[in-house]
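Hi there,

Here is the structure I promised to pass on to you. Please open it next to this email, so that you can look up each place as you read.

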Amino acid sequence: MQRLTSRAEFEQFQSDANNRWDRLWQGEATVVSVGVGSSSIAKGALDVLAACERYAQGQQLVVRKVGVDGADWMEVQVQVKRPGQPAVYYGNVEVADVPQLLGGSLQAKAIGVEGDKPFGSIPPLISHPFYKYQHRIVLADTGIIDPDSIEDAIARGAYSAYLKVLFDIPAEDAIAEMTAAVLRGRGGAGFPAGVKWESGRKARVTPKFVVCNSHEGEPNVYKDRRIHEGDPHRILEGILIACIVVGAERGYNYIGGEYPLAIERFRKAVADAERLGLIGKNVLGSGKDVAFRVRTGGGAYICGEGSALMYSVMGLRGQPRTKPPRSVEEGIWKRPTVANNTETLANVRDIINKGGAWYKQIGTEGSSGTKLMTVQGPLTTLGLVEVPMGITLRTLIEEVWGGMRDGYRFKGIQTGGVSAGPLRDDHLDLPVDFDSLTDVGGMLGSGGFVVFDENVCSVDFARYLTAFNRYESCSKCVPCAKGNPALVEILDRIRFGRGSKSDLALMERTSKHIIELSLCGLGQVAPMPLLGMMQMYEDEFRAHIVDGICPTGTCPIGAGDTAIAAGD
Ligand SMILES: Cc1cc2nc3c(=O)[nH]c(=O)nc-3n(C[C@H](O)[C@H](O)[C@H](O)COP(=O)(O)O)c2cc1C
Ligand code: SF4
């Protein structure tokens with residue numbers, strides 16, 4: 001791969017990549033694409049890929065790996081495109097299926113076909129409820145390109161927006177598009193990215209930095225690592241554009257250390273972009289310089305908090321600090337630093353190319369665009385989806401994610417990761433956006449949901465969520481460092497049948513202190529899941545304390561038979 005030194009050379013490379021892409025799909029060979037990501041590897045994707053490669057020897061078959069497209073329920077997923085036919089998607093493929101799959105007789109595992117028309121008895125994939133409601137911008141090429149191939153990415157439009165900000169449009173115009181898009185930060189707080197970029201651009205101190213927050217330490221959220229695994233160049237392009245636009249000399253991507261495949265694929269993307277001359281001095285002869293570094297975390301959830309992340313990037317202990325100054329004034333090395341979430345930055349290419357007004361008309365008035373959402377729980381078609389803001393929780397649960405599995409009854413949905421309360425059936429018709437869920441004690445957060453069923457004890461679940469915050473507290477300030485362990489201790493008392501009626505008021509009081517007096521966002525919301533559970537399932541909490549039983553029979557106190565005397 002030779003270093004490109006001008007726009008014309010890049011466009012030639014782009015044209016070659018387009019031709020190569022077209023030849024792949026229009027040629028005489030059958031193209032077999034196996035979805036390989038951390039989730040599908042756990043289900044044997046590498047073995048399926050190897051079996052396909054063995055079978056392909058000596059035949060007109062091209063076997064390639066692609067990222068996983070989010071449909072965890074049908075992994076390992078394989079797409080087969082025969083010459084002159086639309087591509088067919090097969091699900092739950094095992095090694096033993098490969099001869100039939102590639103021999104053309106595995107109808108039973110065909111889930112859908114590309115396009116909007118059926119192919120024989122195989123329905124269009126987009127008619128499946130899991131895909132029907134999706135609007136893919138960030139995930140447009142995930143599951144389609146080989147994430148390790150910069151040629152694939154460029155053939156699908158990668159770096160087209162970067163080219164624009166390098167050569168065609170002034171930084172002010174790029175920021176104007178971002179502002180018009182009203183792209184609210186996808187890391188949880190929902191702050192408009194255009195406004196942050198504007199502050200970054202106006203900052204006078206130099207050098208400046210941009211950091212992509214790919215830490216994703218929250219349990220049950222798995223969107224950012226999937227973008228890395230499926231389309232790393234989309235993230236890199238967003239960071240590079242932000243650097244050029246705010247005038248930053250270096251971009252960083254801070255990736256959670258627990259995601260080795262995400263790190264590996266992103267590092268490969270950076271190395272290829274560097275080799276091609278998209279990073280470095282005088283990029284493509286534009287006269288603009290941009291450097292890049294990848295940093296990895298050690299696994300502490302708190303390192304995702306903006307100010308703690310800056311310290312961790314610098315190699316220091318990741319602990320939050322008081323604000324102001326905001327990071328955009330004093331971030332990495334005390335220099336102005338624009339920090340954005342992975343998903344936020346992954347939207348940038350399309351906003352620059354298609355315009356802020358285009359983006360703004362997707363979603364709702366207050367929350368434009370799409371949102372990546374993940375779910376855990378006893379649902380039928382689990383996975384990562386990208387849907388327009390404003391979709392209802394009911395549509396997500398009952399259609400997109402296929403409803404409850406046989407034998408399970410819906411009890412509630414935990415929203416906002418570990419930072420909000422649960423919602424019940426009567427909340428399911430609310431639109432999912434930054435504001436509507438907050439009004440009833442929930443939260444969109446970074447888009448991770450947990451659906452729980454009637455066998456889940458609310459006291460037990462509250463204990464799990466509170467304990468997560470307790471263990472992840474950095475111990476810098478007393479209300480969080482001491483308050484969260486106190487809450488866990490009281491919850492344990494209740495779970496083991498030693499709770500007293502005064503414990504409910506004690507937990508409320510302690511929670512209030514933690515929320516009001518903690519230094520950073522972790523402590524300020526840590527008790528929210530507990531408060532929400534106490535409010536929603538008050539009868540259950542009382543049953544543990546007053547009657548000495550757990551109505552679900554699942555926590556240590558038992559269903560009554562082994563209960564220890566309770567109440568005070
Ligand atoms: C305890 C805690 C953990 C956080 N973890 C993350 C994270 O993993 N990824 C992320 O993007 N934002 C995380 N945030 C939010 C960031 O502080 C910050 O708001 C965000 O990265 C800004 O990017 P955005 O405006 O694009 O959302 C966390 C916040 C807190 C309080
Ligand atoms: S609130 Fe918790 S996590 Fe945040 S600074 Fe205080 S102790 Fe650390």
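Predicted model: local features only at pLDDT ≥ 70, side-chain atom pairs only at ≥ 80, totals over all residues.

**How the helices pack**

Start with helix 1, which covers residues 7–26, and helix 7, which covers residues 160–168. Their axes are 12 Å apart, and the packing angle is about 165 degrees. Angles over 145 degrees count as roughly antiparallel, so helix 1 is roughly antiparallel to helix 7. The crossing of helix 1 past helix 7 is left-handed. To find the contact on your screen, select R7, F10 and E11 in helix 1, which meet L163, F167 and D168 in helix 7. By class, this contact of helix 1 with helix 7 has 3 nonpolar and 3 charged residues, with no polar ones.

Helix 7 also packs with helix 11, residues 232–246. Here the axes come within 9 Å and cross at roughly 10 degrees. Angles under 35 degrees count as roughly parallel, and helix 7 and helix 11 are therefore roughly parallel to each other. On the helix 7 side, the residues in contact are S160, A161, Y162, V165 and L166, and they meet E237, L240, I241, I244 and V245 in helix 11. Which classes do the residues in the contact of helix 7 with helix 11 belong to? There are 8 nonpolar residues, 1 polar and 1 charged.

The largest pocket has a volume of about 1,400 Å³. It is lined by 49 residues, and the closest to its centre are G187, A189, G304, E305 and G306. Several elements give two or more residues to this lining: helix 9 (193–202), helix 10 (223–230), helix 13 (306–313), strand 9 (337–341) and helix 22 (521–525). Which of them gives the most to the lining of the largest pocket? That is strand 9, with 4 residues. By class, the lining of the largest pocket has 26 polar, 14 nonpolar and 9 charged residues.

The second largest pocket has a volume of about 540 Å³. Among its 24 lining residues, Q79, Y89, E114, A140 and I144 are the closest to the centre. You will meet helix 1 again here: helix 1, strand 3 (78–81) and helix 5 (129–132) each supply at least two residues of the lining. By class, the lining of the second largest pocket has 11 nonpolar, 6 polar and 7 charged residues.

**Backbone details**

Most peptide bonds are trans, and most residues other than glycine have a negative phi.

The peptide bond from T206 to P207 is cis, with omega near -5 degrees. You will find P207 in the loop between helix 9 and strand 6 (209–214). Another cis peptide bond joins K323 and P324, with omega about 0 degrees. P324 sits in the loop between helix 13 and strand 9.

Finally, look at N92, a residue other than glycine with a positive phi, near 55 degrees. N92 is in the loop between strand 4 (88–90) and helix 4 (98–103).

Enjoy exploring, and write back with any questions!

Best wishes

How values were computed
Residues numbered from 1 in each chain as written. Chains lettered and ligands numbered in written order. Heavy atoms only, no water. Axes fitted to C-alpha atoms, helices over the stretch in contact; angles between N-to-C directions. Parallel < 35°, antiparallel > 145°, perpendicular 65-115°, else oblique. Left-handed = near helix turned anticlockwise from the far one by under 90°. Contact = heavy atoms within 4.5 Å. Nonpolar A, V, L, I, M, F, W, Y, C, P; charged D, E, K, R; others polar. 1 Å grid on protein atoms, 1.4 Å probe; cavity = no way out; pocket = protein on both sides within 12 Å on 5 of 7 lines; lining within 4 Å. Points joined across faces, edges and corners; volume = space filled by probe spheres on them.
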